[in-house]
Amino acid sequence: MPLSPPDAFAEEMAPRILRGERRALARAITLIESGRADHRAQAVALLDRLKDEGRSALRVGLSGTPGVGKSTFIEAFGMMLTGQGLRVAVLAVDPSSARSGGSILGDKTRMERLSRDPNAFIRPSPSQTQLGGVARRTREAVALCEAAGFDLVLIETVGVGQSETVVAEMSDLFLLLMAPAGGDELQGVKRGIMEIADMIVVNKADGALKTTATRTCADYAGALRLLRKRPQDPPGFPKAIMVSAAEETGLQAAWNDMQELAAWRKAQGHWDTRRAAQARYWFEEEVRQGLLARLTGDPAARARLADLGTQVAEGTALPAVAAEEMLHWLGR
Ligand SMILES: Nc1nc2c(ncn2[C@@H]2O[C@H](COP(=O)(O)OP(=O)(O)OP(=O)(O)O)[C@@H](O)[C@H]2O)c(=O)[nH]1
Ligand SMILES: [Mg+2]
């Protein structure tokens, strides 16, 4: 099928996205994830066409180590919200090494009820090699979900490595899902992750784990109090709470907390400031990735890099001078 020109495509697709047509949304996200230049042009035209519609969802990042209960939580929490008449989209950013191809199947079965709910939209992470690449596209998928009228966009990531930071850069609120654990394991939580969390949600507060969960929650609350106070936090935040995704307890309280935090940030102007800073971040990230692609994607650039590298290795050029020459060449 021949591709329609970007503007014509955007004109045709935009009203369908705005009506919340799931098939149109899924197709547009596929385009966003595509590596082809003509797909890219269509996707960008569509995003550009939708950017002034002024629709805004609450974007919530959710991270946690494998097995902590992210999928179970999203299913229970999502079902609760759709039950209240809200529309919920779920996207994922995964560092590609963290999961095998089985993840889509696994998540669809874990979120079985939610994936059949007409008021929910679930999109697994695309398989790409670079976290940066996946994340940039997920951020655009968030924008599409927003235009499609979702009230809440949940962005899930497995808590390994850098993906939390990247997800936090596209979220209004960031939740860290934790399992009940002994005191020693608390030490293992990286400070940087604690610092970006708005809420630490201790899951599995049920059955035999409930006592441990209570203690873990108190420990995290204590640890959060020791962190530097951030201007974007009202009194009481960041906070640690307990839920059981399996028994569906604590979920409404978690939602109330999220709404309270979001409302406060909006009223205080932190919301707009943060979204503006995020837009700047993604612009710069796009430039960085573009430069990198030019460096590695173009055979002539690779040849030039190899050639200059040889000169450096042989001692006929200084690394700094050769780098300067390379950058000049790229920018020509
Ligand atoms: N007791 C208890 N078990 C839970 C709860 N939530 C999840 N589990 C169990 O924990 C295991 C992992 O749950 P998942 O929801 O698949 O965890 P996940 O974080 O999505 O894991 P990955 O997708 O592998 O990163 C499953 O066996 C769940 O049944 C809970 O609230 N209480
Ligand atoms: Mg999961």
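View 1. Eighteen residues stand around ligand 1, and Gly 69, Lys 70, Ser 71, Thr 72 and Ala 246 come nearest; a residue is near a molecule or strand if its C-beta atom, placed from the backbone, lies within 6 Å of it. Helix 4 (residues 70-83) gives the most to this shell, with three residues. Helices (H or I, at least four residues) and strands (E, at least two) are DSSP runs, numbered from the N terminus. The shell holds six nonpolar, eight polar and four charged residues, where Ala, Val, Leu, Ile, Met, Phe, Trp, Tyr, Cys and Pro count as nonpolar, Asp, Glu, Lys and Arg as charged, and the others, Gly among them, as polar. Residues are numbered from 1 along each chain as its sequence is written, and chains are lettered from A and ligands numbered from 1 in the order in which they are written. Because the model is predicted, local features need pLDDT of at least 70 and side-chain atom pairs count only at pLDDT 80 or more, while totals for chains, interfaces and linings use all residues.

View 2. Angles run from 0 to 180 degrees between N-to-C directions, and axes are lines fitted to C-alpha atoms, for helices over the stretch in contact.

**View 3. Strands 5 and 6.** Strand 5 (residues 173-178) and strand 6 (residues 199-202) run parallel and are joined by four bridges. Leu 176 stands opposite Ile 200 in strand 6.

**View 4. Helix 14 (residues 299-313) and helix 15 (residues 319-330).** Their axes come within 10 Å and cross at roughly 165°. That makes helix 14 roughly antiparallel to helix 15 (angles over 145 degrees). The contact (C-beta atoms, placed from the backbone, within 7 Å) involves residues including Leu 305 and Leu 308 of helix 14 and Met 326 and Trp 329 of helix 15. By class, it has nine nonpolar, one polar and two charged residues.

**View 5. Backbone at Pro 238 and Lys 204.** The peptide bond from Phe 237 to Pro 238 is cis, with omega near -5°. Pro 238 is in the loop between helix 11 (210-226) and strand 7. Lys 204, in the loop between strand 6 and helix 11, has a positive phi of about 70° although it is not a glycine.

Methods: Pairing = 2+ DSSP bridges. Parallel < 35°, antiparallel > 145°, perpendicular 65-115°, else oblique. Contact = placed C-beta atoms within 7 Å.
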